[in-house]
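The following exercises are worked through one step at a time. Please examine the sequence and the model before reading the solutions.

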Amino acid sequence: MTWNLYKCLIKQSLKEVFAFRMTTVLIVVFGALFYLIEILTGFVYFNFTQNIAGWRLLDYFNLITSANIISYGYQFLFVSAHEELSDQIIEGQLDYTLIRTVNSYLYYALKRLDFPSLINFWLSIFVEIYIQIQYGFLGVSTYILYVVSVFGGIFFVFLINQIIVTLSFWINNLSALNGVPEYLMDASNRPYQIYPKIFQIFFMWIIPSLSATNLPVLLMKGGVKASWMLENILILIVLSLFSYVEWNLGLKHYVSAN
């Protein structure tokens with residue numbers, strides 16, 4: 001994947017935005033409405049108490065905003081490609097890419113951008129900046145680790161979706177599984193302490209969806225050890241290797257429609 005090729009893909013994605021302007025407006029409006037509902041839910045949760053499992057209202061707002069950034073970051077960079085990849089695998093439409101001198105894994109991961117999601121992504125970032133100001137200055141290293149953990153969360157969501165979509169090489173109908181990553185991240189949009197211990201362990205250290213959403217906030221709260229960060233990086237590396245190997249094994253099962 002070269003930079004010139006990626007620029008061409010970006011231009012193509014922009015053309016699609018202008019071709020479907022009303023869809024873009026609706027995506028932005030409904031995204032903002034869903035975020036507003038989460039904000040109102042927080043006021044309901046903390047109406048009669050200032051602390052839930054060690055989390056303040058500001059911490060909760062930080063959590064849902066960070067989760068929003070992760071979600072819209074993934075949608076901007078990867079979701080459009082994932083939405084059509086499963087059908088292209090099943091229908092045998094990968095030929096044109098596979099005969100080109102380009103890494104097919106990277107090409108199909110980065111081939112389209114969802115620019116409407118970028119608007120909600122930046123809206124969430126502006127809200128997050130305001131929240132960070134309310135915490136006060138926490139040190140440059142904390143902010144750097146926060147950014148790293150958010151990008152790690154975006155990469156995690158990509159890997160989980162990529163792994164599931166790639167199963168299309170072996171399974172024809174994945175409609176029941178395609179929504180699993182989205183449901184998983186929606187369920188992880190809460191403080192990890194409210195879940196039973198067995199769920200905390202599984203979704204923090206095996207399929208770390210809770211870690212992806214909670215880690216950025218815990219950095220602000222000062223509740224993260226260096227070993228926790230290293231373990232999450234290791235999990236991402238393992239998932240990356242698994243995803244790449246799965247893709248290459250899947251290509252051996254691919255059958256062209258031509």
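Contact means heavy atoms within 4.5 Å. This is a predicted model, in which local features need pLDDT of at least 70 and side-chain atom pairs count only at pLDDT 80 or more, while totals for chains, interfaces and linings use all residues. Residues are numbered from 1 along each chain as its sequence is written, and side-chain values use heavy atoms, with hydrogens and water left out.

**Exercise 1. Identify the residues with the most contacts inside the largest nonpolar core.**

Step 1. A nonpolar core is a set of buried Ala, Val, Leu, Ile, Met, Phe, Trp, Tyr and Cys residues joined through side-chain atoms within 4.5 Å.

Step 2. The largest such core has 62 residues, and those with the most contacts inside it are Tyr74, Leu85, Leu94, Phe156, Phe158 and Trp247. Helix α3 (residues 57-90) gives the most to this core, with 13 residues.

**Exercise 2. Describe how α3 and α6 are oriented.**

Step 1. The axes of α3 and helix α6 (residues 115-135) come within 8 Å and cross at roughly 155°. Axes are lines fitted to C-alpha atoms, for helices over the stretch in contact, and angles run from 0 to 180 degrees between N-to-C directions.

Step 2. The two helices, α3 and α6, are therefore roughly antiparallel (an angle over 145 degrees).

Step 3. Residues of this contact include Leu58 and Phe76 of α3, and Phe115 and Tyr135 of α6.

**Exercise 3. Describe how α10 packs with α11.**

Step 1. Helix α10 (residues 197-205) and helix α11 (residues 209-221) have axes 5 Å apart, at an angle of about 85°. That makes α10 roughly perpendicular to α11 (65 to 115 degrees).

Step 2. From α10, Phe199, Gln200, Phe203 and Met204 meet Ser209, Leu210 and Ser211 of α11.

Technical notes:
Buried means under 20% relative accessible area, exposed over 50%, partly exposed in between (1.4 Å probe, protein chains only). Helices (H or I, at least four residues) and strands (E, at least two) are DSSP runs, numbered from the N terminus. Angles under 35 degrees count as roughly parallel, over 145 as roughly antiparallel, 65 to 115 as roughly perpendicular and the rest as oblique.
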